[in-house]
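Thanks for coming, everyone. I have one structure to show today. Let me put it up.

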Amino acid sequence: MPNPDPDCIFCKIVAGQIPAHKILEDEHTLAFLDVNPLAHAHTLVIPKQHYVTIDQMPPDEFTALTASVHKTALAILKATPTTEYNILQNNGPTAGQAVFHVHFHIIPRSPNDNLGYRWNPTPLNHD
């Protein structure tokens, strides 16, 4: 298992060195409110072990993480008036990863929240 990264803010949250508003915690994962939320109840779900990208994670750790994402999404739906949300996960700086510890964002959405996102599809080249 990877060791905690002493410079990683999420590892510091797991270790209790930085406070967080915890939503869910189990043996393998932790979910907490984002300190710079895009929306009310914007939540991060992380593995307790330090992995930079999901391809570094053993399958059982990834399964535990996705189960916690599911449980956390259900809790957000129960605790807030939202019925819609985004789940986002980035791997590497080109993909938009800013904190280099695997994490999923669960972002509750509401009509006219002005969050948006850029999606510029192009037709598939069948060749």
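Some ground rules. This is a predicted model, so local features need pLDDT of at least 70 and side-chain atom pairs count only at pLDDT 80 or more, while totals for chains, interfaces and linings use all residues. Residues are numbered from 1 along each chain as its sequence is written, and side-chain values use heavy atoms, with hydrogens and water left out.

The fold, then. The protein chain has two helices and five strands. From the N terminus, the order is α-β-β-β-α-β-β. Helices (H or I, at least four residues) and strands (E, at least two) are DSSP runs, numbered from the N terminus. The C-alpha atoms fill a box of roughly 45 × 45 × 25 Å along the principal axes.

Of the 127 residues, 35% count as buried. Buried means under 20% relative accessible area, exposed means over 50%, and partly exposed is in between, with a 1.4 Å probe and protein chains only.

Now the inside. Which residues have the most contacts inside the largest nonpolar core? They are Val45, Met57, Leu65, Val69, Val102, Phe104 and Ile106, in a core of 13 residues. Helix 2 (59-79) and strand 5 (104-109) each supply at least two residues of this core. The largest share, four residues, comes from helix 2. A nonpolar core here is a set of buried Ala, Val, Leu, Ile, Met, Phe, Trp, Tyr and Cys residues joined through side-chain atoms within 4.5 Å.

Take Val45. Beyond its neighbours within four places in sequence, Val45 is in contact (heavy atoms within 4.5 Å) with residues including Leu65, Val69, Val102, Phe104 and Ile106. Apart from that core lies another, of eight residues, among them Phe10, Cys11, Leu30 and Phe32.

On to aromatics. The count comes to one aromatic pair. Rings of Phe, Tyr and Trp (its six-membered ring) pair if their centres lie within 6.5 Å; planes under 30 degrees apart are stacked, over 60 edge-to-face, the rest tilted. Phe10 and Phe32 are edge-to-face, 5.6 Å centre to centre with 75° between the planes. Phe10 sits in helix 1 (residues 9-14) and Phe32 in strand 2, 22 residues apart. Phe10 is buried because its relative accessible area is 5%. Phe32 is buried too, at 3%.

Last, Pro37. Where is Pro37? In the loop between strand 2 (29-33) and strand 3 (43-47). Pro37 has 46% relative accessibility, so it counts as partly exposed. The C-alpha atoms of Pro37 and Ile107 are separated by 8.3 Å, though these residues are 70 apart along the chain.
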